[in-house]
Amino acid sequence: MRLVLRGKVRDVHDAGDGRLLLVASDRISAYDVILPTPIPDKGRALTGLSAHWFAETADILPNHLVSTRVADLPGLPEGADAGELAGRVMLVRRLEMLPVECVVRGYLAGSGWRDYLDTGAVCGHRLPPGLRQADRLPEPIFTPATKAHEGHDENVTFDDVADMIGRESADEVRRVSIALYERAAERCARAGIILADTKLELGRDADGRLVLGDEAFTSDSSRFWPADRYAPGQSPPSFDKQYVRDWLDTLDWDRTPPGPELPADVVAGTRSRYIEAYERITGRSFDDYLKETG
């Protein structure tokens, strides 16, 4: 298979017949810099969570997933080993992706928190005064962002999205993005996890239908907080790469390449958080997932 794109985490191959093969690596990025130290099994945990959520949300919006089994692939990327690919692959339908990141926030964190401190609003949503970091919002809000090929994504307003893709399409995107977030947040709550926010990628298939693509509600695209340790007014502990960011913030690093090597304890701690998120959310053993996808 021909490699068509090497992303921060995923390698994308042309699988023919209008399909792509996404291979999730163990690379980890922070502040838009790919760090030199991989996190073992990270790519498998991301793929397993995405497959779970595609199944859990298919009644709200169709998705691009065809299979996560190596045995179902039409071939292997050049030089790839089937055992190494197990649990990492998604054979998907090719989509025409929308030019925006579909971000939904249920809590005030990250760039939303920073924007609120500066302006009292997030992506055009005027919020109540006096909110604290990590406070729950009155209702989930759609806070889209641009897709930056270089540097950081930038938050934009709903009107900006309407200008890019048309108001009718923007209305549909906002509606389904919030519906997807609400479904996932409710299911996460059953597992004792708060889904603070998430980033979704939507596209259109050959018939023009809106489809959920890329990954869905993973530890790379979402903030997962343990409900029993949640307390507003601070950055809560998490099951995502905030653990890595917090360690990086203790360093004298200017957030430009090359990134620093991660110590063994940070690698182990990050791996355990990704796998715990998978097991708590899906209710399944991570080892069983690996056996099924070989």
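Modeller: Both faces of strand 16 are covered, with Ser222, Phe224 and Pro226 buried on one side and Arg223 and Trp225 buried on the other. Please bear in mind that this is a predicted model.

Colleague: What makes strand 16 (residues 222-226) count as mostly covered?
Modeller: A residue is buried when its relative accessible area is under 20%, and 5 of the 5 residues of strand 16 are buried.

Colleague: How do you know that strand 14 (residues 193-204) and strand 16 pair?
Modeller: Pairing requires at least two bridges. Strand 14 and strand 16 are joined by 5 bridges and run antiparallel, so the two strands pair. Among the bridge partners are Leu195 and Phe224, the latter in strand 16.

Colleague: Why is Arg10 called buried?
Modeller: The limit is under 20% relative accessibility; Arg10 has 11% and therefore counts as buried. Arg10 belongs to strand 2 (residues 10-16). Beyond its neighbours within four places in sequence, Arg10 is in contact with Leu5, Leu22, Val23, Ala24, Arg27, Leu46 and Glu215.

Colleague: What makes the approach of the side chains of Arg10 and Glu215 a polar contact?
Modeller: The N or O atoms of such a pair must lie within 3.5 Å, one able to donate a hydrogen and the other to accept it. For the side chains of Arg10 and Glu215 the value is 2.9 Å.

Colleague: Why are strand 1 (2-6) and strand 6 (65-67) said to stand at the edges of their sheet?
Modeller: The sheet is open, with 5 strands in the order 1-2-3-7-6 and antiparallel pairing. Strand 1 and strand 6 each have a single partner strand, so one side of each lacks a neighbour in the sheet. Strand 1 is joined to strand 2 by 4 bridges; one of the bridge pairs is Arg6 with Asp11 of strand 2.

Colleague: How do you know that helix 1 (residues 42-57) is roughly perpendicular to helix 8 (residues 286-293)?
Modeller: Their axes come within 11 Å and cross at roughly 85 degrees. Arg44, Ala45, Thr47 and Gly48 of helix 1 make the contact with Phe286, Tyr289 and Leu290 of helix 8.

Colleague: Why does the span of helix 5 (residues 167-190) agree with expectation?
Modeller: At 1.5 Å a residue, its 24 residues should span 34 Å, and the end C-alpha atoms are 35 Å apart, which agrees. Just after helix 5, Gly192 adopts a positive phi of about 75 degrees.

Key:
Residues numbered from 1 in each chain as written. Predicted model: local features only at pLDDT ≥ 70, side-chain atom pairs only at ≥ 80, totals over all residues. Heavy atoms only, no water. Buried < 20%, exposed > 50% of the residue type's maximum accessible area, 1.4 Å probe, protein only. Contact = heavy atoms within 4.5 Å. Expected span 1.5 Å × (residues − 1). Axes fitted to C-alpha atoms, helices over the stretch in contact; angles between N-to-C directions.
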